[in-house]
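Have the sequence and the model side by side. We will go through a pocket, a helix and some ring pairs.

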Amino acid sequence: MAGRFGPKPTRVSVRGGQVVVPAAVPRQAVAPGRVRIWKPEVDLDLGLVLGPLRRGPGDPTFRATPDGSVWRASLTPAGPGTLRVAVYGGEVRGEAWGAGAEWLLERLPELLGSADDPSLFVPRHRVLAAARHRRPGLRLTRTGLVLESLIPSVLEQKVTTDEAYRAWRSLVRRFGEPAPGPAGVGERPMWVMPAPRTWSLIPSWEWHKAGVDDKRASTILRAVRVAARLEQAVGMTAEAAQARLEVVPGVGPWTSAETVQRSHGAPDAVTVGDLHLPGIVGFALAGDRHADDEAMLRLLEPYAGQRHRAARLIMLSGQVPKRRAPRMPRGDIGRL
């Protein structure tokens, strides 16, 4: 019988025995995605258009690569999907993977602002006129997904952006799923955010470890229980969608505005209740760094119907008051 069977590949263990070495598993090639070519009527700046969808530099659902393309991992009504967007010679090339690929490609133009009409905005202040002139590629994105923008907006309530971004990264990586296609593999894989049922099953101690207090966690849990009703708000006007969102306890005007700005591309959904925005708008338009919400709305009144666009242009203008106090210290209740 000697030599009838070849020796099994082995390695020496710590105790001197022999352990079978598993055969190498060949790496699976990633299938090519579905492609759509779209030619916009104007030049687009992908960073400006899609930038508001990024929740911090380490957002596991968003990535901008050195070649100028932008990757997004989304949970669509058709399932998880990954979208890569790039601009070549005035044409937009969208490539998508996963069950949600067709859904993402179908809505590619709206994602890049095809439903937005910046010609309706008439600047009445030199700061706004200069900002619009320098940023001709700005368009307001419309994702068509409510929960995708609502949950991270809730996480940003009453905390520093660093704390909110850290919580979003932690929860998505722990309870989401790898993004379809090439973005879901490698050293820094992208992730699709959890489904509503998965959010509802996250234990209380996991929220705590992610640095999310009970109030924000409870708001998210109440929202995912009515996720289907909230997603239906995509077919409503931005004002009606905000009213529906604010029915959920814990979702107020600040959170609803931050949501519809992205899900609906709402040009008039101005964010009220923000800690910094009133002072920035007041400083840029009237030299008043101590402006409150009432003063901000009064200054933005000439831009009724386009107040969110005006606020974005002000933020892009660089005309912001200098900091006079240290940054708010970052907290982490997960260490308690």
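Which element gives the most to the lining of the second largest pocket? The answer is α10, with three residues. The model is predicted, so local features need pLDDT of at least 70, side-chain atom pairs count only at pLDDT 80 or more, and totals for chains, interfaces and linings use all residues. Residues are numbered from 1 along each chain as its sequence is written, and side-chain values use heavy atoms, with hydrogens and water left out.

Start with the pocket. The second largest pocket has a volume of about 220 Å³. Of its 13 lining residues, L75, T76, P77, L145 and E231 are the closest to its centre. Two or more residues each come from β5 (70–76), α5 (147–155) and α10 (227–231). Sorted by class, the lining holds nine nonpolar, two polar and two charged residues. Nonpolar here covers Ala, Val, Leu, Ile, Met, Phe, Trp, Tyr, Cys and Pro; charged covers Asp, Glu, Lys and Arg; the others, Gly among them, are polar.

Some terms need their cut-offs. A pocket is an open set of points on a 1 Å grid over the protein atoms alone, where a 1.4 Å probe fits, with protein on both sides within 12 Å along at least five of seven lines; lining residues have an atom within 4 Å of a point. Its volume is the space filled by probe spheres set on the points, which are joined across faces, edges and corners. Helices (H or I, at least four residues) and strands (E, at least two) are DSSP runs, numbered from the N terminus.

Now look at α5. Nine of its nine residues are buried, so α5 is largely enclosed by the rest of the structure. Buried means under 20% relative accessible area (1.4 Å probe, protein chains only). The buried residues of α5 include E148 and S149.

Turn to the aromatic rings. Rings of Phe, Tyr and Trp (its six-membered ring) pair if their centres lie within 6.5 Å, and planes under 30 degrees apart count as stacked. The count comes to four aromatic pairs. W71 and W97 are stacked, at 5.6 Å centre to centre and 10° between the planes. W71 sits in β5 and W97 in β7 (residues 91–97), 26 residues apart. Both are buried.

F121 and Y303 are also stacked, at 5.4 Å centre to centre with 25° between the planes. F121 lies in the loop between α3 (108–111) and α4 (126–134), and Y303 in the loop between α14 (293–300) and α15 (307–317), so the pair ties together parts 182 residues apart in sequence. F121 counts as buried at 2% relative accessibility, and Y303 counts as buried at 4%.

Finally, find W168, W199 and W207. Ring pairs link W168, W199 and W207 into a cluster.

Note on methods
Buried means under 20% relative accessible area, exposed over 50%, partly exposed in between (1.4 Å probe, protein chains only). Rings of Phe, Tyr and Trp (its six-membered ring) pair if their centres lie within 6.5 Å; planes under 30 degrees apart count as stacked, over 60 as edge-to-face and the rest as tilted.
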